[in-house]
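Walk me through this protein, one piece at a time.

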Amino acid sequence: MNITAIPASVPDGDFVNLSSSSAVSQEKQRLEEELLKCQQKVIDLQEKVIQLQDQKLGSITETVEKDLKSWSAVVTRNCSAAVSAPRLQAALQKSATHEEDETRGLNLMVFGLSEEASDTDPAAQVALLLEELGEKPPISACTRIGARAEGSLIGRPIRATLSSRDSVLSILRKARDLRKSPTYSRVYIAPDRSPEESRERKKTLETLKRLRAENPDREYTFRGGVIECL
(Lines give C-alpha, C1' and ligand atoms only; values in the text may rest on other atoms or scores of the structure.)
Protein backbone atom coordinates (compact mmCIF):
# COMPACT_ATOMS: atom_id res chain seq x y z
CA MET A 1 0.00 0.00 0.00
CA ASN A 2 1.40 3.27 -1.16
CA ILE A 3 1.19 6.23 1.13
CA THR A 4 1.13 9.74 -0.56
CA ALA A 5 2.64 12.51 1.42
CA ILE A 6 0.32 15.41 1.98
CA PRO A 7 2.12 18.75 1.87
CA ALA A 8 1.88 20.97 4.81
CA SER A 9 -0.90 23.49 4.52
CA VAL A 10 -0.04 27.18 3.74
CA PRO A 11 -1.52 29.75 6.07
CA ASP A 12 -4.36 31.82 4.64
CA GLY A 13 -2.58 35.01 5.55
CA ASP A 14 0.33 34.26 3.22
CA PHE A 15 -2.03 33.96 0.21
CA VAL A 16 -3.52 37.34 1.04
CA ASN A 17 -0.08 38.92 1.29
CA LEU A 18 1.02 37.56 -2.06
CA SER A 19 -2.14 38.72 -3.74
CA SER A 20 -1.92 42.19 -2.21
CA SER A 21 1.72 42.63 -3.26
CA SER A 22 0.92 41.74 -6.86
CA ALA A 23 -2.02 44.15 -6.90
CA VAL A 24 0.09 46.99 -5.50
CA SER A 25 2.77 46.40 -8.09
CA GLN A 26 0.22 46.46 -10.87
CA GLU A 27 -1.40 49.63 -9.49
CA LYS A 28 2.01 51.29 -9.23
CA GLN A 29 2.80 50.41 -12.82
CA ARG A 30 -0.57 51.73 -13.94
CA LEU A 31 -0.10 55.01 -12.09
CA GLU A 32 3.37 55.45 -13.55
CA GLU A 33 1.99 54.93 -17.02
CA GLU A 34 -0.78 57.47 -16.36
CA LEU A 35 1.79 59.90 -15.02
CA LEU A 36 3.88 59.54 -18.19
CA LYS A 37 0.79 60.11 -20.32
CA CYS A 38 -0.10 63.24 -18.34
CA GLN A 39 3.44 64.52 -18.62
CA GLN A 40 3.39 63.93 -22.36
CA LYS A 41 0.07 65.79 -22.59
CA VAL A 42 1.59 68.72 -20.68
CA ILE A 43 4.56 68.74 -23.04
CA ASP A 44 2.26 68.62 -26.07
CA LEU A 45 0.19 71.50 -24.68
CA GLN A 46 3.33 73.54 -23.98
CA GLU A 47 4.50 72.98 -27.54
CA LYS A 48 1.13 74.14 -28.88
CA VAL A 49 1.30 77.25 -26.70
CA ILE A 50 4.77 77.99 -28.02
CA GLN A 51 3.59 77.50 -31.59
CA LEU A 52 0.64 79.85 -31.03
CA GLN A 53 2.92 82.44 -29.48
CA ASP A 54 5.32 82.15 -32.41
CA GLN A 55 2.46 82.54 -34.87
CA LYS A 56 1.08 85.55 -33.01
CA LEU A 57 4.52 87.12 -32.73
CA GLY A 58 5.14 86.49 -36.42
CA SER A 59 1.84 88.13 -37.30
CA ILE A 60 2.65 91.15 -35.13
CA THR A 61 6.14 91.36 -36.56
CA GLU A 62 4.79 91.21 -40.09
CA THR A 63 2.25 93.94 -39.32
CA VAL A 64 4.90 96.13 -37.72
CA GLU A 65 7.24 95.61 -40.65
CA LYS A 66 4.49 96.58 -43.10
CA ASP A 67 3.67 99.70 -41.06
CA LEU A 68 7.34 100.62 -40.84
CA LYS A 69 7.78 100.18 -44.58
CA SER A 70 4.72 102.32 -45.28
CA TRP A 71 5.85 104.99 -42.81
CA SER A 72 9.38 104.89 -44.20
CA ALA A 73 8.08 105.34 -47.73
CA VAL A 74 5.97 108.34 -46.69
CA VAL A 75 8.86 109.92 -44.81
CA THR A 76 11.20 109.29 -47.72
CA ARG A 77 8.83 110.93 -50.19
CA ASN A 78 8.18 113.91 -47.93
CA CYS A 79 11.84 114.36 -47.04
CA SER A 80 12.86 114.02 -50.66
CA ALA A 81 10.39 116.72 -51.60
CA ALA A 82 11.35 118.90 -48.64
CA VAL A 83 15.10 118.72 -49.24
CA SER A 84 15.09 118.56 -53.01
CA ALA A 85 17.87 120.53 -54.64
CA PRO A 86 15.71 123.51 -55.77
CA ARG A 87 13.99 123.83 -52.41
CA LEU A 88 17.22 123.44 -50.48
CA GLN A 89 18.94 126.01 -52.66
CA ALA A 90 16.00 128.41 -52.28
CA ALA A 91 16.02 127.98 -48.49
CA LEU A 92 19.75 128.56 -48.25
CA GLN A 93 19.52 131.59 -50.53
CA LYS A 94 16.65 133.00 -48.48
CA SER A 95 18.61 132.52 -45.25
CA ALA A 96 21.73 134.10 -46.74
CA THR A 97 19.69 137.01 -48.11
CA HIS A 98 18.08 137.58 -44.72
CA GLU A 99 21.44 137.64 -42.97
CA GLU A 100 22.87 139.89 -45.67
CA ASP A 101 19.94 142.30 -45.34
CA GLU A 102 20.45 142.50 -41.57
CA THR A 103 24.14 143.25 -42.09
CA ARG A 104 23.43 145.86 -44.77
CA GLY A 105 21.04 147.57 -42.39
CA LEU A 106 24.02 148.63 -40.25
CA ASN A 107 26.02 149.97 -43.20
CA LEU A 108 26.35 153.39 -44.81
CA MET A 109 27.82 154.07 -48.23
CA VAL A 110 29.77 157.32 -48.55
CA PHE A 111 30.56 158.72 -52.01
CA GLY A 112 32.76 161.67 -52.88
CA LEU A 113 35.30 161.76 -50.06
CA SER A 114 38.77 162.50 -51.37
CA GLU A 115 41.36 159.76 -51.40
CA GLU A 116 45.04 160.46 -51.19
CA ALA A 117 47.86 157.98 -51.51
CA SER A 118 48.69 158.54 -47.86
CA ASP A 119 45.12 157.84 -46.69
CA THR A 120 45.17 154.68 -44.59
CA ASP A 121 42.22 155.24 -42.26
CA PRO A 122 38.93 156.01 -44.00
CA ALA A 123 37.17 155.68 -40.63
CA ALA A 124 38.73 158.99 -39.53
CA GLN A 125 37.36 160.70 -42.66
CA VAL A 126 33.89 159.27 -42.10
CA ALA A 127 33.94 160.29 -38.43
CA LEU A 128 34.70 163.91 -39.39
CA LEU A 129 31.94 163.79 -42.02
CA LEU A 130 29.35 162.53 -39.53
CA GLU A 131 30.36 165.18 -36.99
CA GLU A 132 29.31 167.73 -39.62
CA LEU A 133 25.81 166.27 -39.23
CA GLY A 134 26.00 166.30 -35.43
CA GLU A 135 26.44 162.54 -35.23
CA LYS A 136 29.19 160.64 -33.39
CA PRO A 137 28.25 156.96 -33.64
CA PRO A 138 30.76 154.19 -32.98
CA ILE A 139 32.17 152.89 -36.28
CA SER A 140 32.89 149.17 -36.06
CA ALA A 141 34.29 148.80 -39.59
CA CYS A 142 35.20 151.05 -42.47
CA THR A 143 36.78 150.29 -45.81
CA ARG A 144 37.12 151.55 -49.38
CA ILE A 145 35.27 149.54 -52.02
CA GLY A 146 36.90 148.42 -55.25
CA ALA A 147 40.34 148.93 -56.72
CA ARG A 148 41.77 152.41 -56.98
CA ALA A 149 42.27 153.65 -60.54
CA GLU A 150 45.72 155.10 -61.08
CA GLY A 151 45.60 158.84 -61.62
CA SER A 152 41.91 159.09 -60.71
CA LEU A 153 40.87 162.21 -58.80
CA ILE A 154 37.64 160.55 -57.59
CA GLY A 155 37.82 158.71 -54.28
CA ARG A 156 36.52 155.19 -54.06
CA PRO A 157 33.24 154.66 -52.18
CA ILE A 158 33.48 153.90 -48.48
CA ARG A 159 31.38 151.34 -46.65
CA ALA A 160 31.04 152.18 -42.96
CA THR A 161 29.46 149.81 -40.48
CA LEU A 162 27.85 151.33 -37.40
CA SER A 163 26.73 149.71 -34.17
CA SER A 164 22.99 150.29 -34.48
CA ARG A 165 20.29 150.61 -37.10
CA ASP A 166 18.91 153.72 -35.36
CA SER A 167 22.20 155.56 -35.94
CA VAL A 168 22.10 154.65 -39.63
CA LEU A 169 18.53 155.92 -40.05
CA SER A 170 19.29 159.13 -38.16
CA ILE A 171 22.27 159.88 -40.42
CA LEU A 172 20.33 159.09 -43.60
CA ARG A 173 17.61 161.55 -42.56
CA LYS A 174 20.24 164.28 -42.17
CA ALA A 175 22.26 163.39 -45.29
CA ARG A 176 20.61 166.16 -47.37
CA ASP A 177 22.06 168.76 -45.04
CA LEU A 178 25.51 168.07 -46.52
CA ARG A 179 24.51 170.15 -49.54
CA LYS A 180 24.72 173.22 -47.30
CA SER A 181 28.17 172.31 -46.00
CA PRO A 182 31.10 174.26 -47.51
CA THR A 183 33.35 171.23 -46.96
CA TYR A 184 31.10 168.29 -47.87
CA SER A 185 28.63 169.72 -50.38
CA ARG A 186 29.77 167.17 -53.00
CA VAL A 187 29.68 164.20 -50.61
CA TYR A 188 26.75 161.82 -50.79
CA ILE A 189 25.59 159.35 -48.11
CA ALA A 190 23.33 156.44 -49.07
CA PRO A 191 22.12 153.09 -47.71
CA ASP A 192 24.13 150.00 -48.49
CA ARG A 193 21.92 148.60 -51.24
CA SER A 194 22.12 145.12 -52.70
CA PRO A 195 23.18 144.78 -56.37
CA GLU A 196 19.56 144.16 -57.34
CA GLU A 197 18.37 147.24 -55.44
CA SER A 198 21.11 149.32 -57.03
CA ARG A 199 20.07 148.18 -60.53
CA GLU A 200 16.43 149.02 -59.85
CA ARG A 201 17.35 152.41 -58.47
CA LYS A 202 19.54 153.15 -61.48
CA LYS A 203 16.65 152.32 -63.83
CA THR A 204 14.31 154.54 -61.84
CA LEU A 205 16.74 157.47 -61.91
CA GLU A 206 17.22 157.06 -65.66
CA THR A 207 13.44 157.19 -66.05
CA LEU A 208 13.32 160.30 -63.89
CA LYS A 209 16.00 161.95 -66.02
CA ARG A 210 14.12 161.09 -69.21
CA LEU A 211 10.83 162.45 -67.88
CA ARG A 212 12.44 165.73 -66.90
CA ALA A 213 14.02 166.05 -70.35
CA GLU A 214 10.77 165.27 -72.16
CA ASN A 215 8.62 167.45 -69.94
CA PRO A 216 10.63 170.53 -68.98
CA ASP A 217 7.50 172.39 -67.91
CA ARG A 218 6.75 169.79 -65.22
CA GLU A 219 8.52 169.08 -61.99
CA TYR A 220 9.38 165.49 -61.10
CA THR A 221 10.89 164.19 -57.89
CA PHE A 222 12.08 160.85 -56.61
CA ARG A 223 10.74 160.13 -53.15
CA GLY A 224 10.49 156.86 -51.23
CA GLY A 225 11.57 154.87 -54.27
CA VAL A 226 8.75 156.33 -56.38
CA ILE A 227 8.78 159.05 -59.07
CA GLU A 228 6.26 161.78 -58.32
CA CYS A 229 5.05 164.61 -60.54
CA LEU A 230 4.51 167.77 -58.49
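**From one residue to the whole fold**

Leu 108 faces Pro 191, which lies in strand S4. That is one link in a larger pattern. S1 and S4 are antiparallel, and four bridges hold the pairing. Keep in mind that this is a predicted model.

Now turn to the other partner of S1. Leu 108 also stands opposite Ala 160, a residue of S3. Strand S1 covers residues 107-111, and it pairs with S3 in the antiparallel sense over four bridges. Two further pairs belong here. Asn 107 is opposite Thr 161 in S3. Val 110 has Ile 158 in S3 as its bridge partner.

S3 has another partner as well. Strand S2, residues 139-144, runs antiparallel to S3 and is joined to it by five bridges. Here Ala 141 stands opposite Thr 161. So which order do the strands take in the sheet? Four strands form an open sheet, ordered S2-S3-S1-S4, with antiparallel pairing. S2 and strand S4 (188-191) are at the edges and have a single partner strand each, so one side of each has no neighbour in the sheet. On average, neighbouring strands are turned by 25° against each other, direction ignored.

A helix lies against this sheet. H3 packs on it and touches S1, S2, S3 and S4. The direction of H3 makes about 115° with that of S2.

Are the strands S1 and S3 open or covered? Take S1. Four of its five residues are buried, so S1 is largely enclosed by the rest of the structure. S3, residues 158-162, is mostly covered too, with four of its five residues buried.

Next comes the interior. In soluble globular proteins, nonpolar side chains tend to be buried together. In this model, the largest nonpolar core has 18 residues. Leu 113, Leu 129 and Ile 189 have the most contacts inside it. The elements giving two or more residues to this core are S1, helix H3 (122-132), S3 and helix H4 (165-174).

Look at Leu 129 in detail. What does it touch, leaving aside neighbours within four places in sequence? Leu 129 is in contact with Val 110, Leu 113, Leu 178, Tyr 184, Val 187 and Ile 189. Val 110 is the residue bridged to Ile 158. Leu 113 is among the residues with the most contacts inside the core.

Move on to another helix. Arg 201 sits in helix H5, residues 195-214. Is Arg 201 buried or partly exposed? Its relative accessibility is 22%, so Arg 201 counts as partly exposed; the cut-off for buried is under 20%. Setting aside residues up to four places away in sequence, Arg 201 touches Tyr 188, Arg 193 and Phe 222. Val 226 is 25 residues from Arg 201 along the chain, and their C-alpha atoms are separated by 9.7 Å.

Step back to the whole chain. The protein has five helices and six strands. Starting at the N terminus, the elements run α-α-β-α-β-β-α-β-α-β-β. Of the 230 residues, 18% are buried. The protein exposes about 18,100 Å², and carbon and sulfur atoms supply 55% of that area. Contacts across the sequence matter to this picture as well. Among contacts with a separation of 6 or more, 53% are between residues 24 or more positions apart.

How far does the predictor trust each part? The average pLDDT is 76, and 68% of the residues score at least 70. Confidence is highest in S3, at 93. It is lowest in helix H2, residues 85-104, where the mean is 59. Residues 1-8 stay under 50 in pLDDT, and the model gives them zero contacts beyond four places in sequence.

Definitions and conventions: Residues are numbered from 1 along each chain as its sequence is written. This is a predicted model: local features need pLDDT of at least 70, side-chain atom pairs count only at pLDDT 80 or more; totals for chains, interfaces and linings use all residues. Side-chain values use heavy atoms; hydrogens and water are left out. Buried means under 20% relative accessible area, exposed over 50%, partly exposed in between (1.4 Å probe, protein chains only). Contact means heavy atoms within 4.5 Å. Accessible areas come from the Shrake-Rupley method with a 1.4 Å probe; for residues, only the protein chains shown count as cover. Two strands pair if DSSP finds at least two bridges between them. A nonpolar core is a set of buried Ala, Val, Leu, Ile, Met, Phe, Trp, Tyr and Cys residues joined through side-chain atoms within 4.5 Å. pLDDT is the predictor's confidence in each residue, from 0 to 100. Axes are lines fitted to C-alpha atoms, for helices over the stretch in contact, and angles run from 0 to 180 degrees between N-to-C directions.
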